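I opened this model to look up its aromatic contacts, its cores and its strand pairing. My entries follow in the order I made them.

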Amino acid sequence: MDKFVTRTKKRTLGSSGRPEKDVGEKAHQEEGGLQKRSKVLRDEEEEREESCPSADEFSDPLPWQKREAEGLDLDYTVLFPRTQADRLFKQLEEEVEYFSGERAKVQVFGKFYNVPRKQATYGDPGLLYSFSGVHLSAKPWTAVLEQIRDAVTKATGHIFNFVLVNRYKDGQDHIGEHRDDERELDPTCPIASVSLGAARDFVFRHRESRGSRPSRRIPPVKLELQHGSLLLMNPPTNTYWYHSLPTRKRVLAPRVNLTFRRIVKTCVG
């Protein structure tokens, strides 16, 4: 199993709500060059702080682990401690309504097949997500999904308006190699993947190293996603790398995965 790089950093958020790259450098600049702000500037700053979280709100910054390769940029952390993760998993099992019938199928080379897992979509009003010949509208957010979404936003500084929920009953349920590169997704926003339940292997493969006769030999990247973890797939990962959740016969327990995305609303006419 591949490991993340050893340079684990505490990823704190600034007044913009986004991770700061160099807190020490910022402090040095403030000490050396700041002058007294005018009342107008102070008022504007206070107004921004009311609408965006500040670093002071993150009293226990998450220990983010970074993984990088050619065109690959991942951040990983454990977002929820076990007790909280157990509670969230139980709530999801009770609240999430998964698709059935035609909406539980996927199109492959013109033919429709049953999806080897359960799926559901939730989000802001009017959002539609399309992939593999299937068009799924978002159901209204539930209380537990809002709670998880807000925790992800607080941890990453990114706002998400849609979530795809996948439930894997055991290690036989899986998802094949694919890229989350649908046109309606905001290409500047990462995809945040929350895992609850059984730990499963997650595999990334470069687009030029796929197939029986790949044009390049680039090693795949394998991660084990733990109960309560958060994986952030940053751009341009989904441009160059496919990912999958392969079958694992020894896994007997269920897993629920939530991939939070930002869908761009388009106006017609």
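For the aromatic entries I took rings of Phe, Tyr and Trp (its six-membered ring) as paired if their centres lie within 6.5 Å, with planes under 30 degrees apart counted as stacked, over 60 as edge-to-face and the rest as tilted. By that rule W141, F160 and F260 make up one aromatic cluster.

I noted the ground rules next. The model is predicted, with local features needing pLDDT of at least 70, side-chain atom pairs counting only at pLDDT 80 or more, and totals for chains, interfaces and linings using all residues. Residues are numbered from 1 along each chain as its sequence is written, and side-chain values use heavy atoms, with hydrogens and water left out.

**Overview.** I found 5 helices and 16 strands; helices (H or I, at least four residues) and strands (E, at least two) are DSSP runs, numbered from the N terminus. Of the 269 residues in the protein, 44% are buried, where buried means under 20% relative accessible area (1.4 Å probe, protein chains only). I also looked at contacts (heavy atoms within 4.5 Å). Among those with a separation of 6 or more, 78% come from residues 24 or more positions apart.

**Aromatic pairs.** I listed 3 aromatic pairs in the structure. W141 and F260 are stacked, at 6.5 Å centre to centre with 10° between the planes. This pair links distant parts of the chain, 119 residues apart: W141 is in the loop between strand 8 (134–137) and helix 4 (143–156), and F260 is in strand 16 (residues 255–261). Both W141 and F260 are buried. F202 and F204 form an edge-to-face pair, 5.2 Å centre to centre and 90° between the planes. F202 and F204 are both buried as well.

**Charges over rings.** Here I required NZ of Lys or CZ of Arg within 6 Å of the ring centre and within 35 degrees of the ring normal. R200 lies over the face of Y168, 5.7 Å from the ring centre. R210 has its charged end over the ring of Y242, at 3.7 Å from the centre.

**Cores.** I treated a nonpolar core as a set of buried Ala, Val, Leu, Ile, Met, Phe, Trp, Tyr and Cys residues joined through side-chain atoms within 4.5 Å. The largest has 31 residues, of which I148, V165, L258 and F260 touch the most other members. Helix 4 gives the most to this core, with 6 residues. Leaving aside neighbours within four places in sequence, I saw F260 in contact with residues including L145, I148, V152 and I191. A second, separate core has 23 residues, including A138, L164, I175 and M233.

**Strand pairing.** I counted two strands as paired if DSSP finds at least two bridges between them. An open sheet of 4 strands has the order 10-15-12-13, with antiparallel pairing. Strand 10 (175–178) and strand 13 (221–225) stand at the edges with a single partner strand each, so one side of each has no neighbour in the sheet. Strand 12 (residues 200–206) is joined to strand 13 by 5 bridges, and D201 stands opposite E224 in strand 13.

K66 stands opposite D75 in strand 3. The hairpin has 2 residues between the strands, and G71 takes a positive phi near 75°.

Conventions: Buried means under 20% relative accessible area, exposed over 50%, partly exposed in between (1.4 Å probe, protein chains only).
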